[in-house]
Amino acid sequence: QVQLVESGGGLVQAGGSLRLSCAASGSIFSIDAMEWYRQTPGKQRELVARITSGGITIYVDSVKGRFTISRDNAKNTVYLQMNSLKPEDTAVYYCYAEIRIRGSYALQGYWGQGTQVTVSS
């Protein structure tokens, strides 16, 4: 019923920039918070940034001042602008959204498939 499709990952040199996008589609009534997570092999998935439906944002300390999360509610899309990238930012990045589908009052969480970001030193 609902799909989250990410794009924008890739290989970049340290100090470079990437912009991730995540578009939600399907039988969507509304979207509450949208988030970006990242995961490296052997580690737990880590919350990177979160944006509420009202535009309030939070970031993990390691990306503050370098990453910016934003959203386009008309397009059901969340973005992650990543600047001054470091090798330690290398990970698979996942988007997550809290969505109410049409015909239901229940808020459900949906994940994207993940996109690889690799930062070379």
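1. Start with Arg71. Its side chain reaches the backbone oxygen of Thr52 at 3.0 Å. It also reaches the backbone oxygen of Ile51, at 3.4 Å. A polar contact here is a pair of N or O atoms within 3.5 Å; within protein, one must be able to donate a hydrogen and the other to accept it, and residues adjacent in sequence count only if both atoms are side-chain atoms.

2. Some ground rules. This is a predicted model, in which local features need pLDDT of at least 70 and side-chain atom pairs count only at pLDDT 80 or more, while totals for chains, interfaces and linings use all residues. Residues are numbered from 1 along each chain as its sequence is written, and side-chain values use heavy atoms, with hydrogens and water left out.

3. Where does Arg71 sit? Arg71 lies in strand β7. Helices (H or I, at least four residues) and strands (E, at least two) are DSSP runs, numbered from the N terminus. Arg71 is buried yet has no salt bridge. The nearest side chain of opposite charge is Asp32, 6.8 Å away. Buried means under 20% relative accessible area, exposed over 50%, and partly exposed in between (1.4 Å probe, protein chains only). A salt bridge needs a side-chain nitrogen of Lys or Arg within 4 Å of a carboxyl oxygen of Asp or Glu. For charge, Lys and Arg count as positive and Asp and Glu as negative; His and the chain ends are not counted.

4. Ile51, one of the residues contacted by Arg71, belongs to strand β5 (residues 46–51). Ile51 is buried, at 4% relative accessibility. Ile51 and Ala74 are 23 residues apart in sequence, and their C-alpha atoms are 15 Å apart in space.

5. Now the sheet that holds β7. Four strands form an open sheet in the order β1-β3-β8-β7, with antiparallel pairing. β1 (2–7) and β7 (67–72) stand at the edges with a single partner strand each, so one side of each has no neighbour in the sheet. Neighbouring strands are turned by 15 degrees against each other on average, direction ignored. Axes are lines fitted to C-alpha atoms, for helices over the stretch in contact, and angles run from 0 to 180 degrees between N-to-C directions. Two strands pair if DSSP finds at least two bridges between them.

6. Go through the pairs. β1 joins β3 (residues 18–26) by 6 antiparallel bridges, and Glu6 stands opposite Cys22 in β3. β3 joins β8 by 6 bridges, also antiparallel. There, Cys22 stands opposite Val78 in β8. β7 and β8 are antiparallel too, with 6 bridges; Ile69 has Leu80 of β8 as its bridge partner.

7. Is β8 enclosed or open? Of the 6 residues in β8 (residues 77–82), 5 are buried, so the strand is largely enclosed by the rest of the structure. β7 and β8 form a hairpin with 4 residues between them. Asn76, in the turn, has a positive phi of about 50 degrees.

8. The structure has 1 disulfide. Cys22 and Cys95 form it, with sulfur atoms 1.9 Å apart; the cut-off for a disulfide is a pair of cysteine sulfur atoms within 2.5 Å. The link is right-handed, with 45 degrees about the S-S bond. It connects distant parts of the chain: Cys22 is in β3 and Cys95 in β9, 73 residues apart. Cys22 is buried at 1% relative accessible area. Cys95 is buried at 0%.

9. Tyr93 stands opposite Thr115 in β11. Strand β2 (residues 10–13) pairs with β11 in the parallel sense, over 4 bridges. Val12 has Val119 of β11 as its bridge partner.

10. What are the two faces of β11? In β11 (residues 115–120), Thr115, Val117 and Val119 make up the covered face. Gln116, Thr118 and Ser120 make up the uncovered one. In a regular strand the side chains alternate between the two faces of the sheet.

11. Last, a loop residue. Asp61 lies in the loop between β6 (57–59) and β7. Asp61 is exposed, at 59% relative accessibility. Its side chain makes a polar contact with the side chain of Lys64 (2.9 Å). Asp61 and Cys95 are 34 residues apart in sequence and 18 Å apart in space, C-alpha to C-alpha.
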